[in-house]
Amino acid sequence: MRRPVVSQEELFETANRLAAEGKPVTATTLLTALGGGSLTTIYKHLEAWKESRPEAAKATSANEIPDAVQNAFANAWRFVAAEGAREVALAKDKAAEEVKTVQKDFAEALNAICSGVTS
């Protein structure tokens, strides 16, 4: 037997309960919690539920992030950027040394070839 159509009120109540329990509020978690229903209807009501909760839908702005967290992130970012720059510099130095070695080997090989041709 098919489950009756999920009403918006029923979905809102279930979504609020899941959110209060700290569980994710997704179409699949709602489908399970409601014991069935049409995903099309659930998605429609879920969008309405999300829009009815503007405080939950707002992205966290920089003003809402505590200064201590912002400072810790900035320090971590500076450290990572400096470490990355150091690694790039090391890789460039190593590549430059390898190019010099290959150029020297090439010059020696070319010289050996040219010496053998003129003999």
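Predicted model: local features only at pLDDT ≥ 70, side-chain atom pairs only at ≥ 80, totals over all residues.
Which residue forms a salt bridge with Arg 17? Select Arg 17 together with Glu 21: Glu 21 is the partner, and the closest N and O atoms of this salt bridge are 3.7 Å apart. The term salt bridge denotes a side-chain nitrogen of Lys or Arg within 4 Å of a carboxyl oxygen of Asp or Glu.

Residues are numbered from 1 along each chain as its sequence is written, and side-chain values use heavy atoms, with hydrogens and water left out.

**First stop: the salt bridges**

Glu 21 is partly exposed, with a relative accessible area of 42%. The category partly exposed lies between buried (under 20% relative accessible area) and exposed (over 50%), for a 1.4 Å probe and protein chains only. Arg 17 is also partly exposed, at 38% relative accessibility, and Lys 23 counts as partly exposed at 45%.

Next, select Arg 86 and Glu 87, whose side chains meet in a salt bridge of 3.2 Å, N to O. Arg 86 is partly exposed at 41% relative accessibility, and Glu 87 is partly exposed at 42%.

**Second stop: helices H2 and H3**

Now select residues 27-34, helix H2, and residues 39-51, helix H3. Helices are DSSP runs (H or I, at least four residues), numbered from the N terminus. The axes of H2 and H3 come within 10 Å and cross at roughly 115°. H2 is therefore roughly perpendicular to H3, a description applied to angles of 65 to 115 degrees. Axes here are lines fitted to C-alpha atoms over the stretch in contact, and angles run from 0 to 180 degrees between N-to-C directions.

Finally, display the side chains where the helices meet. On H2 the residues are Ala 27, Leu 30, Leu 31 and Leu 34, and on H3 they are Leu 39, Ile 42, Tyr 43 and Leu 46; contact means heavy atoms within 4.5 Å. The residues of this contact comprise 8 nonpolar, no polar and no charged. Nonpolar covers Ala, Val, Leu, Ile, Met, Phe, Trp, Tyr, Cys and Pro; charged covers Asp, Glu, Lys and Arg; the others, Gly among them, count as polar.

Methods. Helix = DSSP H or I, 4+ residues; strand = E, 2+ residues; numbered from the N terminus. Parallel < 35°, antiparallel > 145°, perpendicular 65-115°, else oblique.
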